[in-house]
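Subject: Structure handover

Hello,

Please find the structure below, followed by notes on what was found in it.

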Amino acid sequence: MDGARAGLAVALAVAAGAALLFSGVPVFLVGGAEYVRYRMSMEWAAAPYFATHDHVWLGGHFYLLGSLHALVGRPETVVRIASGIGAVRTVARSYRIALLLWRDVAAAVIAGVFASAHWVMLWLWFNPWSEAIALPSLLGAAYGFLRAQEDDGDDRAVLLAAVAAGIGTTPRYECWYV
């Protein structure tokens with residue numbers, strides 16, 4: 001395993017350790033918004049629709065949580081799977097951006113560890129927030145743009161940035177600015 005892959009493995013291990021450390025914290029669905037978001041995901045799973053029709057939230061995270069709900073059924077497991085995917089993607093993107101900018105595995109590991117230990121990431125492990133999709137998507141767009149800048153407009157990097165930005169717009173209005 002080369003240094004870059006080993007560093008990414010360390011950053012992801014810290015993310016998994018932080019999630020396990022806080023897995024006993026009983027904060028799942030404590031707020032009204034979180035409960036409503038999960039209920040709407042369950043409704044989407046029962047009768048899928050493309051665009052939101054009568055509520056304020058965009059539907060991107062409903063698609064993910066609703067699909068997982070149809071497969072798994074247990075709310076705690078569904079949210080941990082979806083949020084875990086988002087957390088791993090966020091740590092990996094933070095790591096890759098730092099590696100691209102500084103070309104230093106140690107700096108990339110530090111970036112990945114900071115991303116995994118941030119309080120928002122720890123909170124995301126337990127709640128059906130749309131940030132679990134939006135945050136790694138924004139970082140994916142940033143990584144794609146940076147890589148395209150470095151590679152003189154590499155078409156694949158530009159495509160990565162565009163797709164990631166597009167996915168980021170499905171759950172959060174803030175992502176529309178990207």
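Helices (H or I, at least four residues) and strands (E, at least two) are taken here as DSSP runs, numbered from the N terminus. On that basis the protein has eight helices and zero strands, and its elements run α-α-α-α-α-α-α-α from the N terminus on.

Some notes on the source: this is a predicted model, in which local features need pLDDT of at least 70 and side-chain atom pairs count only at pLDDT 80 or more, while totals for chains, interfaces and linings use all residues. Residues are numbered from 1 along each chain as its sequence is written, and side-chain values use heavy atoms, with hydrogens and water left out.

Overall figures

Of the 178 residues, 42% count as buried (buried means under 20% relative accessible area, exposed over 50%, partly exposed in between, with a 1.4 Å probe and protein chains only). Contact means heavy atoms within 4.5 Å. Among the contacts with a separation of 6 or more, 68% come from residues 24 or more positions apart.

Nonpolar cores

A nonpolar core is a set of buried Ala, Val, Leu, Ile, Met, Phe, Trp, Tyr and Cys residues joined through side-chain atoms within 4.5 Å. The largest one has eight residues: A11, A15, V91, Y95, A98, A108, V109 and A115. At least two residues of this core come from each of α1 (3–21), α4 (75–102) and α5. A second, separate core has six residues, including L68, V78, V79 and A82.

Two residues

A108 lies in helix α5 (residues 105–117). Its relative accessible area is 0%, so A108 is buried. Leaving aside neighbours within four places in sequence, A108 is in contact with Y95, A98 and L99. The C-alpha atoms of A108 and S94 are separated by 7.5 Å, the two residues being 14 apart along the chain.

C175 lies in the segment after α8 (155–168). This residue counts as buried because its relative accessibility is 2%. With neighbours within four places in sequence left aside, C175 is in contact with A134, L138, G168 and T169. S137 is 38 residues from C175 along the chain, and their C-alpha atoms are separated by 8.8 Å.

Helix packing

Axes are lines fitted to C-alpha atoms, for helices over the stretch in contact, and angles run from 0 to 180 degrees between N-to-C directions. Angles under 35 degrees count as roughly parallel, over 145 as roughly antiparallel, 65 to 115 as roughly perpendicular and the rest as oblique. A crossing is left-handed if the near helix is turned anticlockwise from the far one by less than a right angle, and right-handed if clockwise.

How do α4 and α7 cross? The axes of α4 and helix α7 (residues 131–150) come within 8 Å and cross at roughly 25°. The two helices are therefore roughly parallel to each other, and their crossing is left-handed. Residues making the contact include G86, R93 and I97 of α4 and L139, Y143 and E150 of α7.

Helix α3 (residues 60–71) packs against α4 at an angle of about 135°, with the axes 9 Å apart. α3 is therefore oblique to α4, and passes α4 in a right-handed crossing. Their contact is made by L64, L65, L68 and H69 of α3 and by V78, V79, I81 and A82 of α4.

Regards
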